[in-house]
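Please look over the sequence and the model before reading on.

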Amino acid sequence: MIRSAILAVGGTGQLVLHFYSQLYQIGAIEDPFHAIVLDSDGLLPSLETFASFWRGVATAHPSPPDVPKIDYFQIGKGLTGKVLQAVAGAELPSGPHPAEAFFDTDSLAQGVREGLYARPALSAVIQPDWERLPLQSLSGFQRALVVGSLIGGTGGGLIAPLLSQLADRVKRAGTTEQPRLRAVFFGEYFQIRGNAPVRDAALRYPSNKLMVARCLADLAPDELDHFTFIEPSVPMERDREKETATVHLEWPDSNGPIWTGISALEEMRTNTAWPNADNFVEKERDDIGVRSRGADITRLKNRMGVAESIAKYSVLEKLPKEPWNTQFFGRGLPSLVAAAHSLAKRNPTLGLSGLTPIARLIQAQYAQHWLNIWKIFPALEVQSTNPASIRESAWGTLRSESASLTKSQDDLLSGTGALILHAALRGGRL
Amino acid sequence: VNKKSLFFLLLLGASFQPSYAFQDQQTKPTVSESCPSDDENFAKLFEYFAVVFAIAGSLVMPSAMPLIPGIVNKWKWTDPMARWWRCTWISSAVFFLVIFLPPNLARVTPFFRTLGLSLFHWLGNIRLEYLDCDLRAVPKDYGFFFFARWNPGPDTLINYWWAQLTVYVTYLAIFSGIYIGVTRFLAFRRTERLAA
């Protein structure tokens, strides 16, 4: 297993992580990860859902470190008002001010809540408190992966300082097995459908890219092992509204930059054969294979079919009523529900009694989790699978020594429901 | 109500006709020495059939169905109550069409006179002339529900269609109750044991 920390910077980083998380959840990506999103815009709803779902899974999972985690590191936290006020520290008197010599009028008039939108230079003002960045130590990780765009404000402004921060943490990680620091950078890869929010995008984006790329070439730490740069000849169209809602967002085209980015992120994570390079330019990898979107879609349909069948046919609710439950559903799934009942029986303070009512409550929790996760996946026509698919899946066990499971009714029911859905979607790759 | 159900309802409606009308058109009702034994044999055989079909449909078939290869791969059989409902419905339909309806049609319609009683004649040593028997003057020491010897009236038992149905429905209810009770108990025990 390769343990990775993924640092998703800005809107592009979040978008890649949105799809990457889905691929992990359906078992197309094998190993768990600890993702940290750095943005000022807020976490995407889909990533919030995954973060909360995985927290639930971890409460019941036999090995919580094997469940992914998403943390949100807000940029510009605590700042209010306009950039102008952040620069000067107070309301400005009328008349000229030295800050206007460094930033254009538009940037100074921008609200700090809008973050660094397309203005990387603002990172000089809206600097995060790096001490608050999670994972102070990267011990136990084999990879630290950064993904973001060089042309946007957040990515452009923060990728270079972030790499420095990570390099320090890599050094601190110990000498036995230092994590490899790798990155996926996006160049000018999109055009906005409809009215572009950045008026001077045609000039601003290329100049942002030039500035950040030059900074990286000169200042990227030696610890940066490899990186890839993604800039297609034909930019993709982006629909900001759909991307922000993240409800049934279609998977990107296999020849598009986002899918290439997802493939690159996985390649950066798993590749162990690339030779070391000293020079920044030689560290760039352009031999990234694009993963098969067709195979991933087939897997997605299969796993959604299993998850949907459990909800549609109320399988969990049926288990304690069916004397042939192991013949129909195998031993794994009935054992999980039985383990939850056994835990409730041993802890009367939970206020749960009866196998049938507990199974019904777990079924309800499962259905709620599935509804939330289903909204994230693309809207596909999913066929129910037959009970054999449930027998053939691995379901794992419940962590009966978990303190929260023995103390909270909600944690026990919701955690068990989440663990079952996690296993159904992962297809045995727990 | 589909066409099949309508057909069954019409057949059932035909069986509501009083038997006397048909008997009057045929021969005069007789009381031969064989009539009481015919009647007793009919009662016993009908009851055996009722028990067998009720056990099969509401207990054995839904319990053992998952042992049939391929059944465990079909969602529609994964619910024990759904299995019970389907099997009960199928066995009741067969019972109604093969056991209950033919003798009752033979009783009320000349067309079915021989055919309707042939199964009972062949398996239960019941003469075809049983339909002409009049037992109103003969005391009975037999009846439905085996040892309970339930006697719904003075006539031959073949005339009491409602009593025949009552017998079947009663056995169906008893064995369904056993099925539901045993299923719940076994399911609970087996699932609970998995936690160990």
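Over the ring of which residue does the charged end of Arg190(B) sit? It sits over the ring of Trp324(A), 5.6 Å from the ring centre, where a charge counts as over a ring if NZ of Lys or CZ of Arg is within 6 Å of the ring centre and within 35 degrees of the ring normal. This is a predicted model, in which local features need pLDDT of at least 70 and side-chain atom pairs count only at pLDDT 80 or more, while totals for chains, interfaces and linings use all residues. Residues are numbered from 1 along each chain as its sequence is written, chains are lettered from A in the order in which they are written, and side-chain values use heavy atoms, with hydrogens and water left out.

**Charge over a ring**
- Arg426(A) lies over the face of Tyr24(A), at 3.8 Å from the ring centre.

**Aromatic pairs**
- Over all chains the structure holds 33 aromatic pairs, meaning rings of Phe, Tyr and Trp (its six-membered ring) with centres within 6.5 Å.
- Among them, Phe49(B) and Phe120(B) form an edge-to-face pair (planes over 60 degrees apart), because their ring centres are 5.9 Å apart and their planes stand at 75°.
- This pair links distant parts of chain B, 71 residues apart, with Phe49(B) in helix 3 (residues 34-64) and Phe120(B) in helix 5 (residues 118-124); helices are DSSP runs of H or I with at least four residues, numbered from the N terminus.
- The rings of Tyr160(B) and Trp162(B) are also edge-to-face, because their centres are 6.3 Å apart and their planes are at 90°.

- Phe49(B) is buried at 14% relative accessibility, and Phe120(B) is buried at 1%, where buried means under 20% relative accessible area (1.4 Å probe, protein chains only).
- Tyr160(B) is buried at 12%, whereas Trp162(B), at 39%, is partly exposed, a term for values between buried and exposed, the latter being over 50%.

Conventions: Phe/Tyr/Trp six-rings, centres within 6.5 Å; stacked < 30°, edge-to-face > 60°. Helix = DSSP H or I, 4+ residues; strand = E, 2+ residues; numbered from the N terminus.
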